[in-house]
Amino acid sequence: MEFADSGPRVLGPNESNPRLNDDGDQTDEGRPPVLSWEPPCSWDNEVLDFDDVPVAKIAADAGDLDQADCQGAARAAVGNGTQVDRYKTQALAAGDRFCEDFAAGGRVVLLRVVKVSGSPVGELTLSATVWAGPAKTEGAPPKPGDKVYENQPVTVSDEVAKARGCVLGSLGLGSDMPVVTYRNSLNGGGGDIEYRASCLSGSPKMWFRGYVARVEGSADPDLTACQDAAARGESNELEVQVSELRTGDRFCRFDSLDKDVALLKVTAVTAKAPASVTFSVTRWKAPEPS
């Protein structure tokens, strides 16, 4: 199903995802978003596939949603690791809602499940609301010294780690906003910061990769001070127990490969299970060495 400007359009039997080429690679990110369903007669997965675009499942008691609410929910899900890009159809129920922030095409999609029939599910009835806005434009890449984003909230928690099967939390800082994912330790590498939940280690902890240092004082360091502090800090070895963190704690991180500098401020922390840590993150492109 393609969410075109004229309304939802079910693709014909000989049509494939219009935003992908024959190799499955993105070719036109600005086209309308696509929702795919893999029914039991064709695949074993039986999932709704949101085309690799992060989507938030909306709580039943969230009330009515407008465009800003829906977009905010989708972006918040990226920051706390609750985003989904696929969803099992057998887990669906009438009334379930999903929000998608399709930034590339400037659209926000609110999807509602109207009816689920069969076991396994053989028929789905969905309703969709699509808001149009300005499409994301690819401007010039950040230059050394530029701020990429500022004070972006991000949260890692026992609650989400346990709900995903007691897995590692991974915080990545390198895109246009911080992104939290949860993964099995055997699947892929870690992010810029790793979160080991209480169910994994007994005592939850954060492990910082790259050059990292705690920053003393109450004032936020600027780019130069943050990079200098991080460069004098530890490399891939800073491990901090969540019980040692306090609101207001600051960390500076320097990635010498990607040439990024990040300031992370603890804005909320719960040390007892279910533990959680919320950071406010500011990221710059590192200036060239003088």
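**Exercise 1. Helix α1**

Which residues are buried in α1? Find them in this predicted model, then describe the surroundings and ends of the helix.

*Solution.* 
Step 1. The buried residues in α1 are C70, A74, A77, V78 and G79.
Step 2. Look for their neighbours. These buried residues pack against strands β5 (55-58), β7, β8 (107-117), β9 (123-132), β10 and β12.
Step 3. Check the helix length. α1 has 14 residues, and at 1.5 Å a residue they should span 20 Å. The end C-alpha atoms lie 20 Å apart, which agrees.
Step 4. Inspect the start. There, a side-chain oxygen of D66 comes to within 3.2 Å of the backbone nitrogen of A68.
Step 5. Inspect what follows. G81 comes after α1, and its phi is positive, near 85 degrees.

**Exercise 2. The disulfides**

How many disulfides does a search of the whole structure find?

*Solution.* 
Step 1. The search finds three. Counting bonded cysteines along the chain, the pattern is 1-2, 3-4, 5-6.
Step 2. Start with C70 and C99. Their S to S distance is 2.0 Å. The angle about the S-S bond is -110 degrees, and the link is left-handed. C70 sits in helix α1 (residues 67-80) and C99 in strand β7 (residues 97-102), so the link ties together parts 29 residues apart in sequence. Both cysteines are buried.
Step 3. Move to C166 and C199. Here the sulfur atoms are 2.2 Å apart. The link is right-handed, with 120 degrees about the S-S bond. C166 is in the loop between α2 (158-163) and β11, while C199 is in helix α3 (residues 198-201), so parts 33 residues apart in sequence are tied together.
Step 4. Classify these two by accessibility. Buried means under 20% relative accessible area, and exposed means over 50%. C166 has 25%, so this residue is partly exposed. C199 has 40%, so C199 is also partly exposed.
Step 5. Finish with C226 and C252, joined at an S to S distance of 2.0 Å. This link is left-handed, with -110 degrees about the S-S bond. C226 lies in helix α4 (residues 223-231) and C252 in strand β18 (residues 250-255), distant parts of the chain 26 residues apart. C226 has 0% relative accessibility, so this cysteine counts as buried. C252 is buried too, with a relative accessible area of 0%.

**Exercise 3. The six-stranded sheet**

In what order do the six strands of the open sheet stand?

*Solution.* 
Step 1. The order is β10-β20-β19-β18-β15-β16. The pairing is antiparallel.
Step 2. Read off the edges. They are β10 (147-157) and β16 (234-235). Each has a single partner strand, so one side of each has no neighbour in the sheet.
Step 3. Recall how pairing works. Strands of a sheet pair through backbone hydrogen bonds, either parallel or antiparallel.
Step 4. Apply this to β18 and β19 (residues 260-270). Six bridges join the two strands, which run antiparallel.
Step 5. Pick one bridge. D255 has D260 in β19 as its partner.

Conventions. Residues numbered from 1 in each chain as written. Predicted model: local features only at pLDDT ≥ 70, side-chain atom pairs only at ≥ 80, totals over all residues. Heavy atoms only, no water. Disulfide = S-S within 2.5 Å. Helix = DSSP H or I, 4+ residues; strand = E, 2+ residues; numbered from the N terminus. Buried < 20%, exposed > 50% of the residue type's maximum accessible area, 1.4 Å probe, protein only. Pairing = 2+ DSSP bridges. Expected span 1.5 Å × (residues − 1). Contact = heavy atoms within 4.5 Å. Polar contact = N/O pair within 3.5 Å; in protein donor to acceptor, adjacent residues only side chain to side chain.
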